[in-house]
Amino acid sequence: MKNISDDPGHAGKLRQKAETILRGQAMQSPSDDQVALSAEAYLRERHVNQIELEMDNMELSAALSIDDVRRPLHELRVHQIELELQNEELRTAYDELDVVKARYYDLYNLAPVGYVTLSEPGLILEANLAAAALLGTDQGALATQPLARFIHKADQDAYYLHRKQVFKAGIPLELELRLVQADDGYSWVYLASSSARGENGEPVCHMVISDISKRKQAEEQLQRVLAEKDKLFSIIAHDLRSPLVGFVGIARLLASGVAGWSPNKLHNVFLNMKESAETLFNLLDNLLEWSSSQRGEFKHEPAELDWEDLATENTKLAQAMADQKTVALQCIAPRGLKVFADRQMLNIVVRNLISNAVKYSNPGGSVTIAATQGDGMVTISVQDSGIGMELELMDLIFTIGHKTSHPGTLGEKGSGLGLILCKEIVGKHGGQIRVESIPGQGSRFSFTLPAHAG
């Protein structure tokens, strides 16, 4: 029996018929004639066509050789593998993209400085977490907000000019300004801005925002210190001039000859020389000690000290000055009372307070040095029965920059630097110094020191 598949003419006809059938399958909608058939006739015709199609497919399969079947299957398999490889490459690319996105998040969003992208009108297009923290709001709430809203009113003009120049000049520019805070305060920031093009080609401004509040505070503090030192030097120069003028006057008198002077006149001249020398010495001594403390040259070496011995030592040193004014010195030092302090520094404080108390005491007055202990602290006080001081003066005597020193009851000079030095020393020990005074009834200076280490 002749095999149908061996007939090339028949195979060609089958292929033509298959192409006709496939073209018929590709048609998605029925013809106008089919639409006109009744539902029953249409279904019957489709069933007959399906049977014929299956028979034709069987004849077509018989006409195709094994190679004709294997070849497209092989091509399909190759395409399938290619697609799988492409899918794998895409998955790898997506994974790498996720890694890049994570790095971008770390570098941009978690950076220690603020990053902001602005549109030309000044609206925030993008901001990282640090920028949101500096601006005092949530990151999500910054989109489309004008940056000017967060800038201090006094710096608005400088900011507008800065932004305008960045877009116009196209070069990086810098600016320091203040950002407003929720508590009506402000913080200082440094802006480093540059222009660029956004994703859609529109001009944008990339801005780095750094918090410089601590630096500004340090600069302001430095300016205050320099101003205070300038005032201090002015005061010291004035106080140095007074005893030196006395020395110059006495030197001129001595140069003119002393042969005809009476012993009483010579005594007064030498007494004036002594007072000028003591004033000058005390001023220079305090100035040297204060300067050393400012340079950090004071060796703060606290130890447990016996207060009775230290108080007695300093009282004896002041006794000669007190005797000249007939001022009675009384020391109330409980036995066994200890203080934890640096001996040299504590001597400076006690010596200055006793000297001041004697200076502002009236002849025949009294000065009492006492100490008490409680709550791990020792309170040391120096009280006089002298001229006292006004409330306004009490608020200034521990600060630099004000002329607070007044002549003593016998015209003794001073600069007020000693009390400033006392405050710094007491502060180094973790204590406090204060004054109580009533004009005409005397003053009481007291300060605290730790009783023990720790």
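The following legends describe close-up views of one predicted model.

Residues are numbered from 1 along each chain as its sequence is written.

**View 1. Confidence along the chain.** The predictor's confidence in each residue is given as pLDDT, on a scale from 0 to 100. Its mean over the chain is 79, and 74% of the residues reach 70 or more. Residues 1-5 stay under 50, and the model has 3 contacts for them beyond four places in sequence, a contact being heavy atoms within 4.5 Å. Residues 10-15 also have a pLDDT below 50, with 7 contacts beyond near neighbours in sequence.

**View 2. An open sheet of 5 strands.** Helices (H or I, at least four residues) and strands (E, at least two) are DSSP runs, numbered from the N terminus; two strands pair if DSSP finds at least two bridges between them. The order in the sheet is β2-β1-β5-β4-β3, and the pairing is antiparallel. Because β2 (124-127) and β3 (173-180) stand at the edges with a single partner strand each, one side of each has no neighbour in the sheet. Neighbouring strands are turned against each other by 30° on average, direction ignored. Axes are lines fitted to C-alpha atoms, for helices over the stretch in contact, and angles between N-to-C directions run from 0 to 180 degrees.

**View 3. Strand β1 and helix α6.** Strand β1 (residues 114-119) pairs with β2 in the antiparallel sense over 3 bridges. L118 has I124 of β2 as its bridge partner. Helix α6 (residues 156-169) lies across β1, β3, β4 (186-197) and β5 (203-211), and runs at about 145° to β3.

View 4. The whole structure contains 10 salt bridges, each defined as a side-chain nitrogen of Lys or Arg within 4 Å of a carboxyl oxygen of Asp or Glu. In one of them, the closest N and O atoms of E176 and R215 are 2.5 Å apart. This pair links distant parts of the chain, with E176 in strand β3 and R215 in helix α7 (residues 213-255), 39 residues apart. A network of salt bridges links E176, R215, K216 and E219. Relative accessible area under 20% is called buried, over 50% exposed, and in between partly exposed (1.4 Å probe, protein chains only). E176 is partly exposed at 31%, and R215 is partly exposed at 37%.

**View 5. The salt bridge between R335 and E308.** The closest N and O atoms of R335 and E308 are 3.9 Å apart. R335 lies in the loop between β7 (328-332) and β8 (338-341) and E308 lies in helix α9 (residues 307-324), so the pair ties together parts 27 residues apart in sequence. R335 is exposed, at 75% relative accessible area, whereas E308 is partly exposed at 21%.

View 6. Strands β9 (residues 366-374) and β10 (residues 377-384) pair in the antiparallel sense over 8 bridges. They form a hairpin with 2 residues between them, and D375 in the turn has a positive phi of about 55°. G374 stands opposite M377 in β10. Strand β10 is also joined to β12 (residues 442-450) by 7 bridges, running antiparallel, with S381 opposite S446 in β12.

Note on methods:
This is a predicted model: local features need pLDDT of at least 70, side-chain atom pairs count only at pLDDT 80 or more; totals for chains, interfaces and linings use all residues. Side-chain values use heavy atoms; hydrogens and water are left out.
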